[in-house]
Amino acid sequence: IDRLAAWNVPLTYLRAGKRGAYVIADGSRWFVPSVGLEESVDPTGCGNNSSGAILYAFCEGYDPIECGIMAGISAYYNALQYGVYPLFTPEIRQRSLEHMKVLRECYQEV
């Protein structure tokens with residue numbers, strides 16, 4: 001983690017399997033636990049899913065912790081069934097954003 005934090009990049013995301021992931025930005029580091037493990041049906045593809053989600057969140061301007069949480073929520077939806085989650089509707093997106101805001105309250109400000 002220290003070596004990754006020394007890199008001169010705006011955001012680093014290190015997946016830690018079913019435990020969650022590390023988010024590193026501006027010399028700070030956070031461990032973001034997985035979301036919804038008790039409901040997991042199939043974790044296949046969750047790592048790739050979370051990597052895509054953190055990239056999306058970062059490009060949209062979310063703070064590093066929010067990016068990590070959004071990645072975990074995205075992986076959570078992927079793990080709810082076998083195969084890719086069928087459809088991200090506006091309602092699911094809104095519910096996911098609300099979920100992220102609740103989880104975000106558990107972390108200190110960046």
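Visitor: Is Cys 46 buried or exposed?

Guide: This is a predicted model, in which local features need pLDDT of at least 70 and side-chain atom pairs count only at pLDDT 80 or more, while totals for chains, interfaces and linings use all residues. Residues are numbered from 1 along each chain as its sequence is written, and side-chain values use heavy atoms, with hydrogens and water left out. Buried means under 20% relative accessible area, exposed over 50%, and partly exposed in between, with a 1.4 Å probe and protein chains only. Cys 46 has a relative accessible area of 12%, so the residue is buried.

Visitor: How many disulfides does the structure hold?

Guide: A disulfide is a covalent bond between the sulfur atoms of two cysteines, and here the criterion is a pair of cysteine sulfur atoms within 2.5 Å. By that criterion, the number of disulfides in the structure is zero.

Visitor: Which cysteine sulfur is nearest to that of Cys 46, and how far away is it?

Guide: Cys 46 takes part in no disulfide. The nearest cysteine sulfur belongs to Cys 67, at a distance of 19 Å.

Visitor: What is the relative accessible area of Cys 59?

Guide: Cys 59 is likewise in no disulfide, the nearest cysteine sulfur being that of Cys 67, 8.8 Å away. Cys 59 counts as exposed, because its relative accessible area is 58%.

Visitor: In what order do the elements of the protein run from the N terminus on?

Guide: Helices (H or I, at least four residues) and strands (E, at least two) are DSSP runs, numbered from the N terminus. The protein has four helices and three strands. Read from the N terminus, their order is α-β-β-β-α-α-α.

Visitor: What is the radius of gyration of the protein, and why does it count as compact as a globular protein of that length?

Guide: The radius is taken over C-alpha atoms, and the globule rule is 2.2 Å times the number of residues to the power 0.38. For 110 residues that rule gives 13 Å, and the protein comes close to it, so it is as compact as a globular protein of that length, with a radius of gyration of 13 Å.

Visitor: Which residues does Thr 12 contact, leaving aside its neighbours within four places in sequence?

Guide: Thr 12 sits in strand 1, residues 12–15, and it is buried because its relative accessibility is 10%. Contact means heavy atoms within 4.5 Å. With those neighbours left aside, the partners of Thr 12 are Leu 4, Tyr 22, Val 23 and Ile 24.

Visitor: How far apart are the C-alpha atoms of Ser 34 and Arg 19?

Guide: Ser 34 belongs to the loop between strand 3 (28–33) and helix 2 (46–59), and at 27% relative accessibility it counts as partly exposed. Not counting residues up to four places away in sequence, Ser 34 touches Gly 17, Lys 18, Arg 19 and Gly 20. Although Ser 34 and Arg 19 are 15 residues apart along the chain, their C-alpha atoms are separated by 5.6 Å.

Visitor: Which residues are in contact with His 99, leaving aside its neighbours within four places in sequence?

Guide: His 99 lies in helix 4, residues 90–104, and is partly exposed, since its relative accessibility is 29%. His 99 and Ile 73 are 26 residues apart in sequence, yet 8.1 Å apart in space from C-alpha to C-alpha. Apart from those sequence neighbours, His 99 is in contact with Val 35 and Ile 73.
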